[in-house]
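I opened a new notebook page for this model. My plan is to go through its elements in turn and write down what I find.

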Amino acid sequence: MNKYLTPNFSFAPILPQRASGSRVWDNYGKEYIDLAGGIAVNALGHCNPELVKVLVEQANKLWHISNLYTTEPAQELAGKLVNNSFANKVFFANSGAEANEAALKLARKHARDHFGEAKHEIVACTNSFHGRTLFTVSVGGQPKYSQDFAPLPLGIRHVAFNDSKSLEGAINENTCAFIVEPIQGESGVLPATAEYLHKARELCDKFDAALIFDEVQTGIGRTGKLFAHEHYDVTPDILSSAKALGCGIPIGAMLCTDKFAESFSLGSHGSTFGGNPLACAVGSRAFDLISLPETLNNVINQGNILQSKLADLGQESGVFSEVRGLGLLIGCVLSEKYQGRAGELVKIALTEGLMVLQAGANVLRLAPSLLLNDDDLNEGMLRLQKAIRTFVNS
Ligand SMILES: *Cc1c(COP(=O)(O)O)cnc(C)c1O
């Protein structure tokens, strides 16, 4: 099926051709319920008519003009992000990795500007995921993604996630930033404890380090609030967003307070495509639709229903030992007997007409459209039930 692309992906044996809402059809016309959401990206479903409309309107006006100019869509989206968050300023990029790259570079430069070059150390969590650029794989705590690309950037230290004691041992006067996902996504949908994030805030304040929340996966409505950190009542200094921000049009954003923003002085960072009018126009409309109370309520309601249906499925089949997550970011932990087999379950589900994800080898992950309706939810669970029957007998 793949003749021309580098072999770093393992493509599923189907060819998706068109999609609408939470349904996808392949080139044979077979239908799939999509509870993967393009890995937490298609937050308003596929080909959302309102987003198609703004995309086409913008396509007829202005596609790209470079960062020698700003545009109405970029100013509009940045304004919405600022007016609805802790942040005062926004830097636009094109992906989550690039948003994190900007966040990490900004933290380094801010510390150097104010405290000198010794204050450059970045503290991050083991098993975290922050993207695939060399800096972000080095900061992400998964050696399998970084070791083959050595030599790696220096000045990075890893601590166990949710372990306040080791965080206390790691953050000191040489720390410029601590970066953390409020819910570790790729490595198993593991929520941070409130105690941990509060401790992180306290230590970053004490040592003048930036607290960076990577909300690339958890942000923009995914958990039933605009950003996951709102559930915890802890605010960062810098935040990265991408995935759902463009609902499928590539865009990333780094949000920060004025105190940090000033270190991105003239010429210190940049991006050719960042702030692209097409992406920002779609992002701006998507932001309006996602912030509607009915959308966020749907995330909470359908999230609760999905979690309880998944827990029931896990109970009756013995396949899941735990169902966890927040809103519509859900992880089903495989029980002892099925350890290491999440990928297999994902493949079987696809043959049953269901798109789901894994998060590591032991967790089945769901990140569907925030507009997920009852029909798609129920049909999806029926298909998962069938897949689980095949899975336990295989
Ligand atoms: C997906 C993800 C990234 C990387 O985003 P890309 O757009 O693939 O570069 C970074 N951090 C988290 C938490 C993610 O889930």
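**Entry 1: a helix end**

Helices here are DSSP runs of H or I with at least four residues, strands are runs of E with at least two, and both are numbered from the N terminus. I then listed the buried residues of α12 (residues 342-351): Ala342, Leu345, Val346, Ile348, Ala349 and Leu350. I call a residue buried under 20% relative accessible area, exposed over 50% and partly exposed in between, with a 1.4 Å probe and protein chains only.

**Entry 2: ground rules**

I note that this is a predicted model, in which local features need pLDDT of at least 70 and side-chain atom pairs count only at pLDDT 80 or more, while totals for chains, interfaces and linings use all residues. Residues are numbered from 1 along each chain as its sequence is written, and side-chain values use heavy atoms, with hydrogens and water left out.

**Entry 3: the whole protein**

I counted 13 helices and 17 strands in the protein. The radius of gyration is 21 Å, close to the 21 Å that the globule rule gives for 394 residues, so the protein is as compact as a globular protein of that length. That radius is taken over C-alpha atoms, and the rule is 2.2 Å times the number of residues to the power 0.38. Along the principal axes, the C-alpha trace spans about 60 × 55 × 45 Å. Of the 394 residues, 54% are buried.

Next I looked up the cover on β10. Strand β10 (residues 210-214) is mostly covered, with five of its five residues buried. Ala210, Ile212 and Asp214 lie on one side, Leu211 and Phe213 on the other, and both faces are covered. In a regular strand the side chains alternate between the two faces of the sheet.

Which strands does β10 pair with? Strand β7 (residues 175-180) is joined to β10 by four bridges, and the two run parallel. Strand β11 (residues 238-241) is joined to β10 by three bridges, also parallel. I took two strands as paired if DSSP finds at least two bridges between them. Alanine 177 stands opposite alanine 210 in β10. Phenylalanine 213 faces leucine 239 in β11.

I went on to β5 (residues 121-125), which is mostly covered as well: five of its five residues are buried. Glu121, Val123 and Cys125 point one way, Ile122 and Ala124 the other way. β5 pairs with β7 in the parallel sense over three bridges. There glutamate 121 stands opposite threonine 175. β5 also pairs with strand β6 (residues 156-159), parallel, over four bridges. Isoleucine 122 is opposite isoleucine 156 in β6.

**Entry 4: the ligand site**

I then turned to the ligand. Which of the 13 residues around the ligand come nearest? They are Gly96, Ala97, Asp214, Gln217 and Lys243. A residue is near if one of its heavy atoms lies within 4 Å. Asp214 is also one of the buried residues of β10.

I checked the polar contacts, meaning pairs of N or O atoms within 3.5 Å. An oxygen atom of the ligand is 2.8 Å from a polar backbone atom of glycine 96. Glutamine 217 has a side-chain N or O atom 2.7 Å from a ligand oxygen. For lysine 243, a polar side-chain atom lies 2.6 Å from an oxygen atom of the ligand. Taken alone the ligand exposes 380 Å², and the protein buries 82% of that. These areas come from the Shrake-Rupley method with a 1.4 Å probe.

Helix α4 (residues 96-115) gives the largest share of the shell, three residues. By class, the shell has three nonpolar, six polar and four charged residues. Gly counts as polar, and Asp, Glu, Lys and Arg count as charged.

**Entry 5: an antiparallel sheet**

Six bridges join β13 to strand β14 (residues 329-334). Leucine 326 has leucine 329 in β14 as its bridge partner.

Isoleucine 330 lies in β14. Is isoleucine 330 buried or exposed? Isoleucine 330 counts as buried, at 0% relative accessibility. Isoleucine 330 and proline 368 are 38 residues apart in sequence and 9.3 Å apart in space, C-alpha to C-alpha.

Key
Polar contact = N/O pair within 3.5 Å; in protein donor to acceptor, adjacent residues only side chain to side chain.
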